[in-house]
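Subject: Structure handover

Hello,

Here is the structure you asked to take over. Please open it first, then read my notes below.

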Amino acid sequence: MAAPQSTAADIESPYAWLRLAVSLVLMTIGGSGMYSVTVVLPRIQADFGIARADASLPYTLTMIGFGAGGILMGRLADRFGVLVPVAIGALGLGAGFIVAGLAPNIWLFGAAQGLLIGFVGTSATFAPLVADTAQWFDRRKGIALAICMSGNYAAGAVWPPVMQYFIDAAGWRQTYIGMGLFCLAAILPLAFLLRRRPPLHAVAPVAPGAGGLAPPDGQRPMGLRPMTALLLLSVAGVACCVAMSMPQVHIVAYCSDLGIGAARGAEMLSLMLGLGVVSRLASGWISDRIGGLRTLLLGSVLQGTALLLFLPFQGPVSLYVVSGLFGLFQGGIVPAYALIVREHFSPREAGARVGTVLMATLLGMALGGWLSGAVFDWTGSYRAAFINGIGWNLLNLAIAGFLLYRVSSMARARAGTLPVRVT
């Protein structure tokens, strides 16, 4: 049966908000595939008898698959509607968790994480839902995208302590198999609530907080060629998420090494990502007023500050505080990229551009997860890994500052105070 087509009158309608709520729940469930591997990292390292970098590899494969799969799933959503990729994702998550739970070695475990959970499963509940949400909102697009993408952090708040409880009670393999069955039972029914196709009308890009600087055709985003602007945003996405992944991937292992315990580390990860939801919602509200670029720059400054705070503090109480601050400071960064694309690129290309930039952020998480483990193996300490993350954060800060400078230059040029040079 063909999915019914919506109209412009459905933009920001009660039905649009219902879809947003369903998307939030779906992303929260689908995000379990991303955070599960961080919780079991110490267990699989011990069970398979491998180094910390090798135990971090399944997370890297998951994030690579997550990013690459987002492009494929986005194209499926463009052609068939978001129901199709989400249903496929349910099957991928179910199979992936079960196969990983039965894996006899790190290689099969990593393959299940990367191909089934990352590429087929979690990817279907991220980029397609973000792109779909962007088409159902106009004036409140910033907060809508923030709510939708909060599902990714809600997953990080919910699943680590839940999975840690069942891992301690029944073992990591049994927990993985149970998660697979849960994903199959929960995601498929919810997916059918998203059958309706988004409205056909396209809203021209605007740049709130920047004087409406996006050209009507979106051909010179931020005064740059589209591919140049997209490349800079993608490099920024990689850089910020290499930095972001250090605490998110390794906080459980870090606490184990400090003698605080894996359970306390899982609680810190839950706190970090739970407050990340608060940060994401607040940043969505802010971004509707100051624009995506300024929100990105603000988030980059705050994330770098939180990473610096991890260096002097190693006690349990102080790490709880710093983990909470890290969550509060960095939650609005990734949604800012989707909003920047929405503001500065042509609506006809927004879906592909959003998928590309989000893929870059996920590749950054993948690289950062492995790189932090590798730096630990090289140095025997996580201190160098935190310093490495700070360096990547500075690169993100530099790109965000440059792009904001370009936009500000365009504003002054339009006001007639100086010429603008299009690169």
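A salt bridge here is a side-chain nitrogen of Lys or Arg within 4 Å of a carboxyl oxygen of Asp or Glu. Keep in mind that this is a predicted model: local features need pLDDT of at least 70, side-chain atom pairs count only at pLDDT 80 or more, and totals for chains, interfaces and linings use all residues. Residues are numbered from 1 along each chain as its sequence is written, and side-chain values use heavy atoms, with hydrogens and water left out.

Salt bridges

The structure holds 4 salt bridges. I describe some of them here.

One joins the side chains of Glu12 and Arg140, at 2.7 Å from N to O. This pair links distant parts of the chain, 128 residues apart. Glu12 sits in the segment before H1, and Arg140 in the loop between H6 and H7. Helices, by the way, are DSSP runs of H or I with at least four residues, numbered from the N terminus; strands are runs of E with at least two.

How buried or exposed are the two partners? Buried means under 20% relative accessible area, exposed means over 50%, and partly exposed is in between (1.4 Å probe, protein chains only). Glu12 has 14%, so it counts as buried. Arg140 has 36%, so it counts as partly exposed.

Arg43 and Asp168 form another salt bridge, with the closest N and O atoms 2.7 Å apart. Arg43 lies in helix H2 (residues 32-48) and Asp168 in helix H7, so this pair ties together parts that are 125 residues apart in sequence. Arg43 is partly exposed at 31%. Asp168 is partly exposed at 48%.

The side chains of Arg264 and Glu267 also meet in a salt bridge, again 2.7 Å from N to O. Both residues belong to helix H10 (residues 262-290). They are 3 residues apart, so about one helical turn separates them. Arg264 is partly exposed, with 34% relative accessibility. Glu267 is partly exposed, with 34% relative accessibility.

Positive phi

Most residues other than glycine have a negative phi. Which residues have a positive value here? Glu12 is one of them, with a phi of about 55°. Glu12 precedes helix H1 (14-30). Met222 also has a positive phi, near 60°. Met222 is in the loop between helix H8 (172-191) and helix H9 (226-258). Its relative accessibility is 1%, so Met222 counts as buried.

Two packed helices are described by the angle between their axes and the distance between the axes. Axes are lines fitted to C-alpha atoms, for helices over the stretch in contact, and angles run from 0 to 180 degrees between N-to-C directions.

The axes of H6 (residues 127-134) and H7 (residues 141-170) come within 9 Å and cross at roughly 160°. That makes H6 roughly antiparallel to H7, a term for angles over 145 degrees. The crossing is right-handed, meaning that the near helix is turned clockwise from the far one by less than a right angle.

Which residues meet? Leu129, Val130, Thr133 and Ala134 in H6 meet Ala144, Leu145, Cys148 and Met149 in H7. Contact means heavy atoms within 4.5 Å. The residues of this contact divide into 7 nonpolar, 1 polar and no charged. Ala, Val, Leu, Ile, Met, Phe, Trp, Tyr, Cys and Pro count as nonpolar, Asp, Glu, Lys and Arg as charged, and the others, Gly among them, as polar.

Best wishes

Terms used
Parallel < 35°, antiparallel > 145°, perpendicular 65-115°, else oblique.
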